[in-house]
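Open the model in your viewer and keep the selection panel ready. We will go stop by stop.

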Amino acid sequence: MRRFALALLVALSSPLLMGAGQPAPPRHLDLSSDDRAELDAISASLNAVTTLKGGFVQVDPNGGVDQGRVYIAKPGKMRFEYDPPVPSLIVSDGHTVAVANRRLNTVDRYPLSDTPLGVILGNDIDIRRNPQLVGIEHGQGVFVVNMRTSQNRTKANISLVFSEPDHELRQWTVIDDQGLSTTVALRDLQPGAVLPPALFVLPDKNPFAPRRGN
């Protein structure tokens, strides 16, 4: 279940997905003028979003499907709520990312600066100049951006899928070092939603323990 949550957040600095110890590859991309313009348009679209809420569907390496709700408030704030029976809750307050597990009654925390979440949570996104960009692909009605979670990786391990021509982020797929992939598809997105600050308060170290008086 821990890998399940980490995959959703695109690695969360885990050595399993960051490719620690691999030699740093040179970065050389031959992008056409149209590709450069497309990447700039995608970056502008991401930068235009300040708040967002919607649903997500996640498909794990074994084909299992789970879903829930996602909330984003830039810069840096995010909340993923899984529907039962998945026990995970993931919250970023703009500085720290917390992964809470209801079943284990635990909370793991990571510095936001150690994660690649700036790809979608930053205020000044520039995918074309991002050193983690590895390549791009064209599909029917979509534009796929292939990235790596660390400059030390030799291959892409994240694919971000954007719709054309509106450049909305529709889904991403993470591949771990065992070659297993997890895909998260976004749906029913509402940009500009009014979101209460309480959504982005980090869960306590023991967030699911019974409280006196309840």
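Buried means under 20% relative accessible area, exposed means over 50%, and partly exposed lies in between (1.4 Å probe, protein chains only). This is a predicted model: local features need pLDDT of at least 70, side-chain atom pairs count only at pLDDT 80 or more, and totals for chains, interfaces and linings use all residues. Residues are numbered from 1 along each chain as its sequence is written, and side-chain values use heavy atoms, leaving out hydrogens and water.

Start with D40. With a relative accessible area of 30%, D40 is partly exposed. A salt bridge puts a side-chain nitrogen of Lys or Arg within 4 Å of a carboxyl oxygen of Asp or Glu. R128 lies in the loop between helix 4 (118–121) and strand 7, and D40 in helix 3, so the pair ties together parts 88 residues apart in sequence. Helices (H or I, at least four residues) and strands (E, at least two) are DSSP runs, numbered from the N terminus.

D166, E168 and R170 are linked in a network of salt bridges. In the D166–R170 bridge, the closest N and O atoms are 3.7 Å apart.

Then show R79 and E81. Their salt bridge has its closest N and O atoms 2.5 Å apart. Is R79 buried or exposed? At 14% relative accessibility, R79 counts as buried. E81 is partly exposed, at 23%.
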